[in-house]
Amino acid sequence: MQIRALTTTALCFGLTLTLLTQVVSGQMPGNFPLVSQTSYMIPENMPPGVAQAMYQQGPAMPPGYVTPVGFCSPSGCDCQGGCDGYGCCGGCSNGPGGLIGQLCQGGELNGLQNLCMFCRGSGCSVCQSPSNAGQLCGWLACLAPYQEAGLCAQRWYDIQAEAMFLSMDSDFTNQAVTSLGQGTINPVTNQVDANVILSTDDVAFDELAAGWRITGSMLFGAGGNIEAIYFGSQHFSEAASVTATLTPGGASTFNLFSAFSNFGTDPTGGFDDTDLSSRQSLIYKSNIHSGEANYRRRWVGPYCRFQGSWLVGFRYFDLDEKLIFDARGALNDTAAATDPRFFNSLTETRNGLVGAQLGGDLWWNVMPGFNLGVGWKGAIFGNRADQNTVIRANSIDLIPGLNQVNEFASDSTTAYLSELQARLAYRMSYAWTFTAAYWLIGVDGVALGAGNFNTGQADQLINNPTVPRTARINIDDSILLNGFSVGVEYIW
């Protein structure tokens, strides 16, 4: 027994000494190929296919193959400076790949020339001319993302900041506002026929409004995090105006009529302030704000090609709007002949939506450091909406010096939000990632300024303002936001 133990010990010692001798000389026995001088520890739960793909020796490259800076050839790094601890050429401290990693490469050259540096044969060289095909390869190599984290790196950032550009499509019932000339009553339909030249559709938003979006994340257990998100500060604004036709002598004919008098038919000839105008205009404004607090749980699929997450949280969405109608006419022909006719209506709405939301995202890991993903969130809100209208006019004189009427209405309803995004993430270095996204956000069950412009009961409003007309609120409209964002993510 003792002889067998001593014999086994001697054989193991001899085999170990032989292996150490060949490793020092840079060679390994036939069944133990030396892949790299960097040691790796394969996790126990790593799928066998992934382990083989990540750590097996790559195929031999053909003669003359050019390896970009920041990457090692399968046979090892043969450029100046050798392989550093990350397995890359040139000694860049940020590891292999990455735009920032390429810019920080050392060597004999400085500045933008480093972008063209290649590992060739036994040393590093620079592309000689723009026509050299190698230069194009060099620039393309410089665009490679940061890859040290590998394909299985779980998507993560501590803070994300983006500039967000959105357009708004408001779904409200169009209202005719101004006609050129007095309307007529159709005897067949008993409806007013008018030459409408201004309506609420003329102030529908057709611009991209700039705002910002910021997200902060904090780890909350393995694979989970708490995140807070704000986006908003988009200010939408649109204006439209019309002026009366001119006589041959250049004087205005004051032939603009408004919906308050049903275009000069009720009463016939219109009101003193809202009709027979030289100019009428609409101004429409809208502001949005959104805040979220979510718990997100992340997962990574087999072989790391896909990953994603699900979330649950609370959300607040605020939508504030204003619609201003203004009419200007000739000098007042009644009480104060020195004052011009005027009528100004300001309709304001505010929506405060609070509720719970669910959602998630799915990411395709195209290559280490480059990901494409889609995400969705859905929320159910309770919406408490307010509508406030302030009207000032030449003929409204409740008490001396006060020619203003205030109306207020409110209502509550259930509102819904659906948010869809498609996103690209390009990792530039360990800490910094560039990101861009397309957004589609719909909100239903809101009160809009243009949808609450009230032209009814005008006779009571103008001729008997001490008795307020019936205030109302429409809370059944919707909006659709779409646009894009660009920004960065940071990990510390």
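In which strand does A379 lie? The answer is β15, and this residue makes a handy starting point for a walk through the model, which is a predicted one.

**Starting at A379**

A379 counts as buried because its relative accessible area is 4%, under the 20% cut-off. Leaving aside neighbours within four places in sequence, A379 is in contact with A356, Q357, A415, Y416 and L417. G355 sits 24 residues away from A379 in sequence, yet the two C-alpha atoms are 6.6 Å apart in space.

**The chain as a whole**

Stepping back, the chain contains 5 helices and 18 strands. Of its 492 residues, 42% are buried. If you take the contacts between residues at least 6 apart in sequence, 70% of them link residues at least 24 apart.

**Inside: the nonpolar cores**

In soluble globular proteins, nonpolar side chains tend to be buried together. Here, the largest nonpolar core holds 48 residues, and I288, F317 and L481 have the most contacts inside it. F317 is worth a look on your screen: beyond four places in sequence, this residue touches F231, I288, H289, S290, N351, G352, L353, F381, L417, V443, I479 and L481.

**Outside: a nonpolar patch**

Some nonpolar residues are found on the surface instead. W299, F306, W310, V312, L358, L362, W364, L372 and V374 make up a nonpolar patch there, with about 830 Å² of accessible area together. Strands β13 (306-331), β14 (340-367) and β15 (370-393) each give two or more residues to this patch. One of the patch members, W310, lies in β13. W310 is classed as partly exposed because its relative accessible area of 44% falls between the 20% and 50% cut-offs.

**Strand β5 and its two partners**

Finally, turn to β5, which spans residues 176-180. This strand pairs with β8 and also with β11; both pairings are set out below.

| Partner of β5 | Partner residues | Bridges | Direction |
|---|---|---|---|
| β8 | 196-199 | 3 bridges | antiparallel |
| β11 | 256-258 | 3 bridges | antiparallel |

To find these pairings in the structure, look for A176, whose bridge partner in β8 is S199. For the β11 pairing, T178 stands opposite S258.

Key
Residues numbered from 1 in each chain as written. Predicted model: local features only at pLDDT ≥ 70, side-chain atom pairs only at ≥ 80, totals over all residues. Heavy atoms only, no water. Core = buried A, V, L, I, M, F, W, Y, C linked by side-chain atoms within 4.5 Å. Buried < 20%, exposed > 50% of the residue type's maximum accessible area, 1.4 Å probe, protein only. Contact = heavy atoms within 4.5 Å. Patch = residues over 30% accessible without salt bridge, like charges linked within 9 Å, V, L, I, M, F, W, Y side chains within 5 Å. Areas by Shrake-Rupley, 256 points an atom, 1.4 Å probe, with all protein chains shown as cover. Salt bridge = Lys/Arg side-chain N within 4 Å of Asp/Glu carboxyl O. Helix = DSSP H or I, 4+ residues; strand = E, 2+ residues; numbered from the N terminus. Pairing = 2+ DSSP bridges.
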